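This briefing concerns aromatic side chains and their surroundings. Please view the sequence and structure below before reading on.

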Amino acid sequence: MRKTILFTGLAFILIFILTSLIGFAQQKPSFAPTLREELVYGFNVFDG
Amino acid sequence: MAKESFSLTVHSIKVLIKRELVSSLQGWGFYGAIFVSLIVCSFLLKNFMGGIREENILISSYPLNFPLFVSVIIISFYLVVISAISISREREQGTLEILFYGPVSSFSFTVGKYFKDIFLYLITLIFFAAYFFGVSALTNLGFTYSLVKSLGLSIFWVSCVISFGLFISSLTGRVRSSIIWLVAILLAFLAIQFAHSAFLSFPKEALSTPLLYLRRTLYYLSKGISWVSPFSYISRGMESIQIESMKLYLLNIGYCIVYSVIFLTLSVYILKLKGVRG
């Protein structure tokens, strides 16, 4: 019983992580900025 | 003789860690805490992504640091509760007395409990690292060097939280009183800091002399709390990462180590003083 909890718990967390990641992959913005591009883009907006 | 006693202590610490770790991994609480912290994290990240989609821009140097900070706080609450009941539960059930008939001492018992919780956090950290790495790879939110630094520093924050919990547990004889004490102390910390910041919003001239004294007292109290409360070490560490100061980062690690050593030593001393029956 206790080993069942261990494996179920681990499987549950892994499945949760995977489903969240799939959700994020679907939400990815079309331009998908990298951190650097995102910052440069931000500065460009403010610089006009 | 001294060498034999030392190896016996090390052996009993190892046995305690193994026994406790297996017991924690075979319970629902640990997975529940990870699940709650990851679901809150996912919610925050979903909002980030929604913000980018709607406004086509997100200006943030460390987009993943805040979700990590929140996850660590949530898992810290779980760890502080389980460490706060760990000694008192064994005391209440009488297992502490049985253990102490064997080669287990106050020192090995406390250190065993401490490292068990640290190992639990290290397992959690593997899940966190995998999750954030996955999020970064799929969304392009940067898995930055500062995030790696935060993940590293979080081990030391959690060390403070655990040693504080063990300290509370060594003071109390029952699980219920441990929980009540823990909640009362944390609420008192929160109330003092809240009252202090509320007083700061008033100009000096608007306050009467007794209120000025009260404000001064609250200032000193909240200064003290910022060194006693384990949760202030988390926010202080986050600040050191945000301003990118390596010196402050290392200093924060040093503070956390000193804090943990002091509270663990106090726990061992109190456990010895109060005995196995409390």
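Relative accessible area sorts residues into buried (under 20%), exposed (over 50%) and partly exposed (in between), with a 1.4 Å probe and protein chains only. This is a predicted model, in which local features need pLDDT of at least 70, side-chain atom pairs count only at pLDDT 80 or more, and totals for chains, interfaces and linings use all residues. Residues are numbered from 1 along each chain as its sequence is written, chains are lettered from A and ligands numbered from 1 in the order in which they are written, and side-chain values use heavy atoms, leaving out hydrogens and water.

**Ring pairs**
- Rings of Phe, Tyr and Trp (its six-membered ring) pair if their centres lie within 6.5 Å; planes under 30 degrees apart are stacked, over 60 edge-to-face, and the rest tilted.
- Over all chains, the count is 16 aromatic pairs.
- B:Tyr114 and B:Phe115 form an edge-to-face pair, because their ring centres are 5.0 Å apart and their planes stand at 75 degrees.
- B:Tyr114 is buried at 10% relative accessible area, whereas B:Phe115 is partly exposed at 35%.

**A second pair and a cluster**
- The rings of B:Trp227 and B:Tyr255 are also edge-to-face, with centres 4.9 Å apart and planes at 85 degrees.
- B:Trp227 is partly exposed at 40% relative accessibility, and B:Tyr255 is partly exposed at 29%.
- Ring pairs join B:Trp227 and B:Tyr255 into a cluster with B:Phe164, B:Phe167, B:Phe189, B:Tyr233, B:Tyr259 and B:Phe263.

**Charges over rings**
- A charge sits over a ring if NZ of Lys or CZ of Arg is within 6 Å of the ring centre and within 35 degrees of the ring normal.
- The charged end of B:Arg236 sits over the ring of B:Tyr233, 4.9 Å from its centre.
- The charged end of B:Lys149 sits over the ring of B:Tyr249, 5.1 Å from its centre.
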